[in-house]
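Try each task yourself before you read the solution.

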Amino acid sequence: MVYTRMVKDAFSQIEEEEELMDFFEEHGADMGKMHETAYKKFMELLNALQRPGDEDGQEEKYSMKEVVEQYIRMNVPEKKKLSDYTLLQKLVKRYWPGETAIVNMQNRKEDISRKAMILLYLATEEFDQCEDEELYYFEDAEEDADTVLETRLEKMNLFLDSYGMNGLDPGNPFDFLVLYAMRTQEGDFASDRMSEALAVLFSEGSGKKEDKTGKDGEDQGKT
């Protein structure tokens, strides 16, 4: 398995032209694998949602449409026109993966997006069952919501770093929602918490545009 950060770290050490040539000789064969690691994990997580298995051990494969609607849509509206949305809604919705995007990623017509990887990671609760040797393992324990968030945040950032993607940034609206979703109580699911927050964000009236005076509408201010 070749991780993006390994090659990135090696490249960051280059100072001379001769070192650059040595770098290409050593890592040239790895360049074609850069997207493979993210794609492999994407397919693993997607397959876990498509074939969850039932109580009798029989596998039932869900369609891509069913997977997207049940696990990835998360109450984000399908309409593509963004002009009626607030700035916050636009920032959250932009590049939100729909069925077409997920199928294109599956068929290698699009690169695996960071947002898609995060949503799949949330939907599969991967941060609570990760067995990847590259990721630090945390012992299961009864912990409060803040400790659970801290643990999951570290594991999420290690997960993203493994595929050359930026860690969660609380200053990014989407990332902030992810952080909110991961802070669950016992028995709660992060994906449900995310869906509930998005339902509020995109609820009727929350997308009310600014009036001519430049002041936000009442509903937008509450959001």
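This is a predicted model: local features need pLDDT of at least 70, side-chain atom pairs count only at pLDDT 80 or more; totals for chains, interfaces and linings use all residues.

The exercises below go from the whole chain to single side chains.

**Ground rules**

Residues are numbered from 1 along each chain as its sequence is written, and side-chain values use heavy atoms, leaving out hydrogens and water.

**Exercise 1. Describe the fold in numbers.**

Step 1: list the elements. There are 11 helices and zero strands, with helices (H or I, at least four residues) and strands (E, at least two) taken as DSSP runs, numbered from the N terminus.

Step 2: check burial. Of the 223 residues, 39% are buried, where buried means under 20% relative accessible area, exposed over 50%, and partly exposed in between (1.4 Å probe, protein chains only).

Step 3: check contact range. Take contacts between residues at least 6 apart in sequence: 60% of them join residues at least 24 apart.

**Exercise 2. Which residues of helix H4 (residues 64–72) are buried, and on which side do they lie?**

Step 1: pick out the buried ones, namely Met64, Val67, Val68, Tyr71 and Ile72.

Step 2: look down the axis. These residues cover an arc of only 105°, so they sit on the same side of H4; the arc is that of the directions from the helix axis to the C-beta atoms.

Step 3: step past the end of the helix. Met74 follows H4 and has a positive phi, near 50°.

**Exercise 3. Take apart the ring cluster of Tyr121, Phe159 and Tyr163.**

Step 1: Rings of Phe, Tyr and Trp (its six-membered ring) pair if their centres lie within 6.5 Å; planes under 30 degrees apart count as stacked, over 60 as edge-to-face and the rest as tilted. The structure holds four aromatic pairs.

Step 2: classify Tyr121 and Phe159. Their centres are 4.0 Å apart and their planes at 20°, so this pair is stacked. Tyr121 belongs to helix H7 (residues 114–123) and Phe159 to helix H8 (residues 145–162), so the pair ties together parts 38 residues apart in sequence.

Step 3: classify Phe159 and Tyr163. At 5.3 Å centre to centre and 70° between the planes, this pair is edge-to-face.

Step 4: Phe159 has a relative accessible area of 1% and is buried, and Tyr163 counts as buried at 8%. Tyr121 is buried too.

**Exercise 4. Which rings have the charged ends of Lys115 and Arg193 over them?**

Step 1: apply the test, which asks for NZ of Lys or CZ of Arg within 6 Å of the ring centre and within 35 degrees of the ring normal.

Step 2: read off the partners. Lys115 sits over Phe174, 4.7 Å from the ring centre, and Arg193 over Tyr180, 3.8 Å from the ring centre.

Methods:
Contact means heavy atoms within 4.5 Å.
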